[in-house]
Every structure is written in C-alpha cells, then in structure tokens.
Amino acid sequence: MITLYGFGPAWGLPDPSPFVTKAATLLHMSGLPFRLENGYLKRAPKGKLPYIDDDGVLVPDSTLIRMHLEVRHGIDFDAGLTRAERGTAWAVDKLLEDHLYWILVDQRWLDDANFAAGPAQFFDFVPAPLRPLARRVARGMVRRRLRAHGMGLYSPPERLALAEHAFDAVAGILGDRPYLMGEQPCGADATMLGFIGGALAARFASPTRDAAEARPTLVAYRDRMMARYFPEIRQPG
C-alpha cells in the first residue's frame with residue numbers, strides 16, 4: 001500500500017499544504033489503496049512534504065508523485081483529453097503552483113493576523129521560551145524566498161491584481177463545466193482543489209480570498225471537488 005506523508009488535515013482543508021492536498025487528490029483519483037501519515041521534514045527526501053512511500057520507493061514532490069503514478073501504475077490522469085486540452089491543463093497546473101502559490105504564502109505568513117491564525121501553530125512543538133524566536137526566523141526566511149522569487153517585490157495591490165488575473169483565467173477555462181476540462185476530473189483538477197481551496201480557506205482573511213469568493217464558479221468548484229474526494233471535511237457556511 002502507498003503511504004502519503006503530509007501535515008494532516010487543518011483549517012478546514014485536507015492539508016495546510018496545497019501540494020499535499022494535490023497529491024492526496026491524485027491518489028484518490030487513481031483508485032489505488034493508500035494511507036495518510038504525518039510526515040517530518042527532516043525525513044523527507046527533498047526536505048519538503050509531500051512524499052510517498054510506494055512499496056519502498058520514496059517519491060518526493062507532488063508533480064513527481066503524479067509522474068510516478070502514471071509510469072509505475074499505468075494511470076493516465078488526462079485520459080480522453082486532446083493534446084491541446086492536455087497542454088491547457090498543464091498550463092493551469094503551473095499557473096497555480098508557480099504563481100498563485102506565492103501570493104498565498106505571502107498572505108498566510110507575512111500578515112500578522114493570518115500568521116497567528118495558522119502557520120504560527122507549526123512551531124507549537126518548540127519550547128515556549130524559544131517559540132517567538134523560531135517564528136521570527138521562519139518568517140524572515142519566507143520573506144527572503146518571496147523576494148528571491150519576485151512575488152515579494154510586488155506591492156499588495158499589485159499582488160491582488162495578479163491573483164485576480166489568475167482567478168479569471170482559471171474561471172474562464174472552467175466555464176460552466178463541472179471540472180476543469182470537462183465532465184470528469186483530470187490531473188490539473190487535483191492542483192485546482194489544492195490552490196483554489198487554499199485561496200478560499202475561511203481561516204485566513206485577505207483580499208485574495210475575497211476575490212476568489214467573488215467568483216461563484218470557483219466556490220462551487222471547490223465544494224464539488226471536496227464533496228467528491230474529501231466528504232468528511234465540512235465547509236463553513
């Protein structure tokens with residue numbers, strides 16, 4: 001049986017990490033038996049979660065996990081799609097992972113109220129006297145990574161404009177279909193759930209969440225995907 005290592009359900013999400021949610025959704029889509037375990041960054045092959053243990057084969061990174069499932073288990077997550085549709089789905093996947101992700105990181109980690117409501121809890125295991133320092137150091141690292149990526153160089157209004165363009169692009173491709181490319185989910189739908197669900201997380205107040213909520217098709221999409229793959233997690237409202 002495959003074991004998926006992540007952080008565990010939190011904040012009304014299958015996992016705080018949209019990448020772990022993506023991997024869990026892909027495994028649900030695959031029909032392969034799997035189990036979820038809490039992982040530890042120090043044990044992870046690339047120092048990040050998620051990773052899977054597939055009968056002794058360790059595979060890190062949600063995209064590499066998808067590729068592994070496709071090759072080793074013969075699964076085509078984009079079955080039935082044309083070449084152009086596969087390309088569109090992949091472009092959406094990377095728009096969310098390499099662009100929207102950093103906007104969500106900024107709003108969760110660098111906004112004081114959101115940090116206290118969420119990521120600060122990651123450091124509860126640290127002895128109380130050292131906890132403020134650990135949190136301050138971690139937030140400094142996140143700030144530097146955001147600047148190195150480039151997203152940290154934008155002003156808040158500029159980041160919001162970029163998020164709105166991303167939401168409009170995804171909503172435009174989705175249209176009135178139940179899933180990104182049609183009547184059945186494809187591989188990019190796993191990514192969509194991770195990142196659109198993350199943007200809509202009620203735990204975090206932000207203009208980005210407001211922008212996502214202002215697009216009803218995205219809210220309905222999140223609800224539909226959650227009901228299909230994670231019915232045990234109830235959504236607020």
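Colleague: What makes the span of helix H1 close to the expected value?

Modeller: In this predicted model, H1 covers residues 18-30 and reaches 18 Å from its first C-alpha to its last. The expectation for its 13 residues at 1.5 Å a residue is 18 Å.

Colleague: Why is H1 described as largely enclosed by the rest of the structure?

Modeller: Buried means under 20% relative accessible area, and 11 of the 13 residues of H1 are buried, so the description applies. Among them are Phe-19, Lys-22 and Leu-26.

Colleague: How do you know that Ser-17 caps the N-terminal end of H1?

Modeller: A side-chain oxygen of Ser-17 lies 3.1 Å from the backbone nitrogen of Phe-19, and a polar contact requires N or O atoms within 3.5 Å.

Colleague: Why is the pair Lys-22 and Glu-97 called a salt bridge?

Modeller: The closest N and O atoms are 2.5 Å apart, and the cut-off is within 4 Å, so the pair qualifies. It links distant parts of the chain, with Lys-22 in helix H1 and Glu-97 in helix H3, 75 residues apart.

Colleague: Why do Arg-66 and Glu-70 count as buried, exposed or partly exposed?

Modeller: Arg-66 has 6% relative accessibility and therefore counts as buried, the limit being under 20%. Glu-70, at 25%, counts as partly exposed, because exposed requires over 50%. Arg-66 and Glu-70 form a salt bridge, with the closest N and O atoms 3.0 Å apart. Both lie in helix H2, 4 residues apart, about one turn of the helix.

Terms used:
Residues are numbered from 1 along each chain as its sequence is written. This is a predicted model: local features need pLDDT of at least 70, side-chain atom pairs count only at pLDDT 80 or more; totals for chains, interfaces and linings use all residues. Side-chain values use heavy atoms; hydrogens and water are left out. Helices (H or I, at least four residues) and strands (E, at least two) are DSSP runs, numbered from the N terminus. The expected span of a helix is 1.5 Å times one less than its number of residues. Buried means under 20% relative accessible area, exposed over 50%, partly exposed in between (1.4 Å probe, protein chains only). A polar contact is a pair of N or O atoms within 3.5 Å; within protein, one must be able to donate a hydrogen and the other to accept it, and residues adjacent in sequence count only if both atoms are side-chain atoms. A salt bridge is a side-chain nitrogen of Lys or Arg within 4 Å of a carboxyl oxygen of Asp or Glu.
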